[in-house]
Every structure is written in C-alpha cells, then in structure tokens.
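Please have the sequence and the model open while I speak.

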Amino acid sequence: MTAIVRLTRAEFRKLATTRSYPITLIVAVGLALLEVAAVAMAAGRNGVPRLGSAAGTNQMLKLGAICSVAMLVVGIMAAGGEFRHKTIIPAVLISPRRNGLVLAKAIAVGAAGVVLSSLTFGLGLATAVAVLAFRHFHHLPADTWRLYAGSVISGTLFGLIGVALGFITRSTVAAALGAVGWVLFGEIVILGTMAPHLARWLITGASMALTDPAVPGASTLAPTTATAVLSAYALALLAAAVGVLARRDIG
Amino acid sequence: MIRVEHLTKRYGAVTAVDDLSFDVTPGRVTGFLGPNGAGKTTTLRALLGLTTPDGGTATINGCRYRDLSNPARYVGAALDNDCFSPGRSASQHLQIMASAAGISSRRPAEVLELVGLADSARRKVGGLSLGMRQRLTLATALLGDPEVLVLDEPLNGLDPDGIRWMRELLRKLAHEGRTVLVSSHLLAEVAHTVDNVVVIARGRQVAEGPVAALTASHHSDNLEDLFFDLINDRKLEVH
C-alpha cells in the first residue's frame with residue numbers, strides 16, 4: 001500500500017471520528033431546506049418570482065453558497081484543527097515528507113465535499129420538487145442539473161481552499177476570518193465596486209457562475225471556465241500550503 | 001543507533017543547540033539530561049525532522065529521519081503528551097495513527113494493553129488524566145514496534161506506580177536490543193532507569209558516557225550530584 005493511500009485512509013478516519021463534519025452536514029442540509037421553504041412561502045411577493053416559474057424554481061435552488069461555505073468550514077477545521085490540537089506532530093512524525101499530508105487531506109476533504117454538496121443540494125431539490133408537486137407544478141427548469149453539478153463542484157473546491165487556508169494560517173479562527181474578510185471586503189466590496197469586470201475572475205465570482213442560474217446578458221464566466229478558474233485557485237493555494245508546511249518548524 | 005554530529009540550531013540571536021555531538025547505542029537506556037532550556041527538546045525535534053538544523057546532522061541508523069520510508073516502523077517518538085483531538089477515544093486515535101503508518105488494525109489493542117490502558121480504550125482523550133495521556137503517547141510511539149525509541153520527558157505526570165512501570169518498560173525495551181533515548185529533568189527518577197547519560201547545558205555537551213564511569217571520574221555519589229557538578233562546572237566555564 002502506498003504512503004498516500006495509507007495517509008488518505010487515516011484522513012477519512014479523522015473525518016469520521018470528529019463531530020465537525022457531521023454537524024456541518026446537518027446544518028448545511030437544514031439551511032438548504034429552510035431556503036427552499038422560505039422562497040416557496042415568499043413566492044410572488046416582494047419581488048420574489050412566482051412559484052412554478054423557471055425563475056422561481058431557480059431561486060429555490062440557489063443552494064451552492066451553502067455548500068461552498070459549509071465545505072470551506074470543514075476544510076479549515078480539518079487542517080487548522082491539526083495545529084489547534086497539536087495532532088500535526090504525530091502526523092508529521094508518520095509522514096515526514098509533508099506534501100503527502102496535504103495531498104491526503106485534500107483528497108479526503110474533497111470526497112467529503114462531494115458527499116456534503118450532493119446531499120445538501122439533493123435534499124433541497126427533493127424538497128423543492130415536493131413543494132412544486134403539491135402546487136401541481138411538475139417540471140423543472142433546464143438549468144437544474146447544471147446548478148446541481150455546479151454546487152457540487154464549488155462545494156468540493158471550497159473544501160480544498162479551506163484545507164489550504166488551514167495549513168497556511170495554522171489557525172481555524174485566522175483562516176475563517178481571513179476567508180470571510182477576503183470574500184466580503186476584498187472581492188465583493190472593493191473589487192466588486194471598483195473593478196466589477198475583474199470580480200468574475202475571482203473566487204466568489206467563479207463560484208457564483210457555477211451555482212447561480214444563468215442570467216441572459218450577464219458577464220459571468222461560462223461553467224467550464226469557472227470550474228477551471230476555481231480549480232486553479234484551489235491548486236495554487238494547496239501548492240502554497242505544501243510550500244509553507246515543508247519549511248515550517250513543527251511543535 | 002542514533003548519531004548526532006555537530007548539531008547547531010539557532011532561533012534569531014539565541015543558539016539553542018551549539019555544535020552538539022553524541023551517540024546513542026542499542027541495548028541501553030540513554031538519559032538525555034539538562035536543565036530547562038538546555039536544548040534537549042530542540043535536539044530531539046531536529047533528530048525527528050520537526051525542525052531544520054542550521055548545521056550538523058542527526059541520523060538514525062545512518063539516515064536522516066525524513067529519509068526513512070515509513071519511519072513509524074523504525075522509530076517511536078513521544079514528544080508531547082497533549083497531541084490528541086480531545087473528542088476522539090484512545091482507540092480511535094491509535095487506529096488513525098495505525099492506518100497512516102500501514103500498521104495492522106489489531107496493533108492498537110495490543111499497545112493499549114501493553115501501556116495499561118485497555119480498560120480506557122473507548123474513553124475520550126479529553127477525559128483522560130495527565131498520566132493516562134502520557135501512557136497513550138507512549139502507546140502511539142510503540143505502535144510500529146520500533147527499534148528506536150525517542151521519548152521527551154516520559155515521566156512527567158506519572159504517579160509513583162506509573163514511574164516504576166515506565167522504568168521497567170524502558171529497561172525491558174532496551175534489554176530486547178532497542179535503542180532508547182529518554183530526555184528528562186527528573187534526575188532521581190532517571191537515575192534508576194538509565195545506563196548511559198548525555199548531559200547538555202546551554203546547547204552544548206557537558207558529559208557523555210556510562211553513569212557509573214562518570215560518577216566515579218567526578219567523585220560524585222550519584223547521578224544527581226554528578227549532574228549538578230557538571231552543570232556548575234559549565235556555568236563557571238561560561239562566566
């Protein structure tokens with residue numbers, strides 16, 4: 001068995017024996033169901049599209065942000081928690097070539113991201129279908145499966161970004177504050193206002209191109225381009241995490 | 001065999017380890033002694049690849065730690081007795097470590113039995129006493145049935161029964177032909193355990209050799225007297 005297979009198995013065991021992943025999964029699914037229910041109840045009022053319209057259904061299925069934020073938190077806690085509890089010491093003693101640690105954690109969190117995002121969007125979609133059927137609407141917009149795939153891709157890649165941030169900052173709090181600060185102030189407030197043409201090439205912009213319904217005439221990236229851009233950010237940050245961890249003294 | 005040659009580690013203007021050299025041979029328990037801040041833990045961390053030395057080398061059986069393939073099979077290390085996720089059980093912690101090192105899933109139960117924690121296997125680590133965490137740290141080090149053991153302050157937190165148990169275990173492990181390096185500042189306890197000592201102060205070696213030979217050559221009654229004679233001599237040299 002190769003080192004990376006062994007380390008990845010250990011990372012799956014870590015995820016299975018901490019409370020953060022199942023709790024985040026439950027919260028994400030709960031928020032998705034609440035979002036669907038809230039949009040259904042507000043449909044046709046206060047500018048919310050009416051129930052049964054393509055725009056209304058798409059509004060109910062804007063669940064990608066929940067998947068992405070949830071997996072960002074899981075990734076940050078999985079990597080930052082190693083430093084918080086000093087489990088990074090036995091981990092590095094077992095795997096002194098530290099790039100293997102980062103890769104194994106990225107694989108495990110990536111797989112966890114597929115599961116969490118699929119379940120969150122899937123259960124949200126099932127709820128939306130049930131609500132629509134109750135009101136005698138029996139069709140879904142053509143965008144639905146693109147949104148499903150986009151939410152899973154975005155959630156998974158945000159998990160990898162979380163892993164990288166956790167290893168780079170060595171702190172769950174610093175990584176979470178840094179990520180929220182960057183998205184809210186760096187991307188949305190500053191660049192979104194001052195250079196909106198750049199915003200779509202950033203992490204949030206690329207994620208929204210995957211998880212939000214297509215708007216005719218909007219300047220968002222195509223889904224394949226957005227996937228490539230978001231993947232590039234995740235890989236670049238993971239490479240930075242490998243570099244930082246390799247040079248850093250542990251303990 | 002552990003070999004440290006001209007090891008130097010600096011943190012800014014502070015030289016934590018200064019041109020330190022010594023050998024640790026198999027079949028004996030070697031005490032690595034020195035006052036707080038002498039550089040013991042830094043030396044062990046450099047030996048185990050956790051920190052990069054500024055000069056010199058530290059090798060195990062001729063290899064740097066980070067060049068060993070699957071090092072947990074050769075070297076068992078216990079550096080800190082608080083390296084656990086508090087929400088996991090003792091058994092879960094060991095299963096994770098065993099998975100990562102490719103060790104049989106039966107081995108965690110064996111080492112828990114060996115360190116006297118079999119009854120606490122399902123207890124959350126956060127609820128274990130300091131002495132029990134010390135035993136769990138040792139269990140982690142023993143997972144790979146290693147030839148070489150590197151233990152930093154393994155007696156901390158143990159009650160008198162635990163100290164006696166640890167002493168007997170270390171002697172048994174050395175008797176099996178393993179290389180055992182134990183850092184400590186609990187001289188009276190270590191005196192009953194070690195065959196050889198390496199004494200350091202301010203990052204430099206002060207003495208190295210069998211306890212009996214060193215105490216005889218320094219006309220000391222015991223290891224504690226020898227230690228203070230050596231440390232005081234070193235202070236006089238520095239001043």
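This is a predicted model: local features need pLDDT of at least 70, side-chain atom pairs count only at pLDDT 80 or more; totals for chains, interfaces and linings use all residues.

Before I point at any pair of residues, let me settle one term: two strands are said to pair if DSSP finds at least two bridges between them.

The link joins distant parts of the chain, since B:Arg3 belongs to strand E1 of chain B and B:Asp23 to strand E2 of chain B, 20 residues apart.

Let me now widen the view to the strands themselves. Strand E1 of chain B, residues 2-11, runs antiparallel to E2(B), and seven bridges join them. Further along this pairing, B:Lys9 is found opposite B:Val17 in E2(B). The hairpin of E1(B) and E2(B) has two residues between the strands, and in it B:Gly12 takes a positive phi near 65°.

These strands belong to an open, antiparallel sheet of three in chain B, with the order E2-E1-E4. Strand E2 (14-24) and strand E4 (55-60) of chain B stand at the edges with a single partner strand each, so one side of each is left without a neighbour in the sheet. From one strand to the next, the twist averages 20°. Helix H1 of chain B, residues 40-47, packs on this sheet and touches E1, E2 and E4 of chain B, its direction making about 115° with that of E1(B).

Chain B has a second sheet to show you. It is an open one of six strands with mixed pairing, and its order is E5-E6-E7-E3-E8-E9. Its edge strands are E5 (75-78) and E9 (204-210) of chain B, each of which pairs on one side only. On average, and ignoring direction, neighbouring strands here are turned by 15° against each other. At one end of that order, E5(B) and E6(B) pair in the parallel sense over four bridges, with B:Ala77 opposite B:Val150 in E6(B). Helix H5 of chain B lies across E3 (29-33), E6 and E7 (179-184) of chain B, and runs at about 150° to E7(B).

Next, the domains. How does the domain assignment divide chain B? It gives domain 1 as 2-61 + 147-231, and domain 2 as 85-145. The C-alpha centres of these two domains of chain B lie 25 Å apart, while 15 residues of domain 1 are in contact with ten residues of domain 2. Between them the two domains bury about 980 Å², 66% of it on carbon and sulfur atoms. Across their interface the rule finds one salt bridge, and the count of residue pairs in polar contact is five. On the side of domain 1 of chain B that touches domain 2, strand E6 (148-152) and helix H5 (160-175) of chain B each supply at least two residues.

Finally, let us turn to where the two chains meet. The contact takes 22 residues from chain A and 31 residues from chain B, and the area buried between the chains is about 2500 Å², of which carbon and sulfur atoms give 58%. In chain A, A:Arg6, A:Leu93 and A:Ile94 lose the most area to chain B, together 25% of what that side buries. Two salt bridges cross this interface by the rule, and B:Asp80 and A:Lys86 meet in a salt bridge of 2.9 Å, N to O. Eleven residue pairs are counted in polar contact between chain A and chain B. The elements giving two or more residues to the side of chain A that touches chain B are helix H1 (3-16) and helix H5 (88-94) of chain A.

Methods: Residues are numbered from 1 along each chain as its sequence is written. Chains are lettered from A and ligands numbered from 1 in the order in which they are written. Side-chain values use heavy atoms; hydrogens and water are left out. Axes are lines fitted to C-alpha atoms, for helices over the stretch in contact, and angles run from 0 to 180 degrees between N-to-C directions. Contact means heavy atoms within 4.5 Å. Domain bounds come from an automatic or database domain assignment. Buried area is the accessible area (1.4 Å probe) that two parts lose on being put together, summed over both. A salt bridge is a side-chain nitrogen of Lys or Arg within 4 Å of a carboxyl oxygen of Asp or Glu. A polar contact is a pair of N or O atoms within 3.5 Å; within protein, one must be able to donate a hydrogen and the other to accept it, and residues adjacent in sequence count only if both atoms are side-chain atoms.
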